Amino acid sequence: RRLASGGADLLLAAVPPASGAVVMGTGIVSVGLALDGREQLSEVLLVLDGIAWVVLAILLPARALRDRARFRDDLGTPAAFTAVAGTGVLGTRLTLLGWNWAGSFLVVVALLVWLGLVGPVLRDWRTPTVGASFIITVGTESIALLAADLADAYRAEWLLVASLPPFLLGLAFYPWVLRHFEFRQLAVGAGDHWVTGGALAISTVVAGRIALAYERIEPGGGALGALRGIALALWIAAIAWLPVLLAAEVCRPRLGYGVRRWSTVFPVGMYAACSFVVGSVVPAPAITYFAEVWIWVAIAVWAVVAAGLVAAASRDLRHFFS
């Protein structure tokens, strides 16, 4: 019994608050593949993403019951918003698949988790901020993205209106976090430094999806031009981070695996997804072409990080049974 109890403790201790980044990263690469028309490969990643979400949905509450003090501490970290973002991105992919009921369920789950986290995270906010701090923007925008996709699926104007507050709030969080960002993190961050660009990239996707939904729900609406302009401006701002982030990786390679590397996978995948969306909204064939090339970069990064996860899990299991 003591051995089983110790094994359970080890298992739950191996689930950090940033674990939702696995669902975030896998989900957005699946979304990007779907936008590129590569449904079979996208659905393979979707299955893996769904399994990861279910596993975490079981383990995280179990951890809360097993070690309440530590779990309360975890709730005060911005990385906890990976649970919101992962849920929102999974819901978005399922909605694109036509499973609107699943998207509807997950947007409610994401909103409830967001409401439970925002108070503790803001109360315990620490400066200077790091890459993981931007996940407060990512989590908030993921709710807006799923609401916009559901508005498009249901042709529901009220859902489109409901997507605007989290979209604007997510945008407001970004400069607030950036103001206190420790730019040294670009050189020393363990993977989450990529969220500096990824947070803007998901805001770009949201703006584009709102524009697409608005065009279908309100054909000829006067706000369409403004929405397109906002999406393009956000895309330019997000892309401006890309050479900086790539240069940081080249100058300071970080080759070891860590869970925060999934916060690299997510922005890389999001750059492809936001470019597919903006390329169709503007329209701009050059942006779409960039997305068609970059999605393969996203797949490669996902594969490397996923291999690192499998290797790390194998080592942990060998250590446990030795």
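Mentor: Rings of Phe, Tyr and Trp (its six-membered ring) pair if their centres lie within 6.5 Å; planes under 30 degrees apart count as stacked, over 60 as edge-to-face and the rest as tilted. This is a predicted model, in which local features need pLDDT of at least 70, side-chain atom pairs count only at pLDDT 80 or more, and totals for chains, interfaces and linings use all residues. Residues are numbered from 1 along each chain as its sequence is written, and side-chain values use heavy atoms, without hydrogens and water.

Trainee: How many aromatic pairs does the structure hold, and of which kind is that of Phe181 and Phe183?

Mentor: The structure holds eight aromatic pairs. In that of Phe181 and Phe183, the ring centres are 5.0 Å apart and the planes stand at 75°, so the pair is edge-to-face.

Trainee: Is Phe181 buried or exposed?

Mentor: Buried means under 20% relative accessible area, exposed over 50%, and partly exposed in between (1.4 Å probe, protein chains only). Phe181 has 6% relative accessibility, so this residue counts as buried.

Trainee: Which kind of pair do Phe183 and Trp241 form?

Mentor: Phe183 is partly exposed, at 47% relative accessible area, whereas Trp241 is buried, at 12%. Their ring centres lie 6.4 Å apart with planes at 10°, so the pair is stacked.
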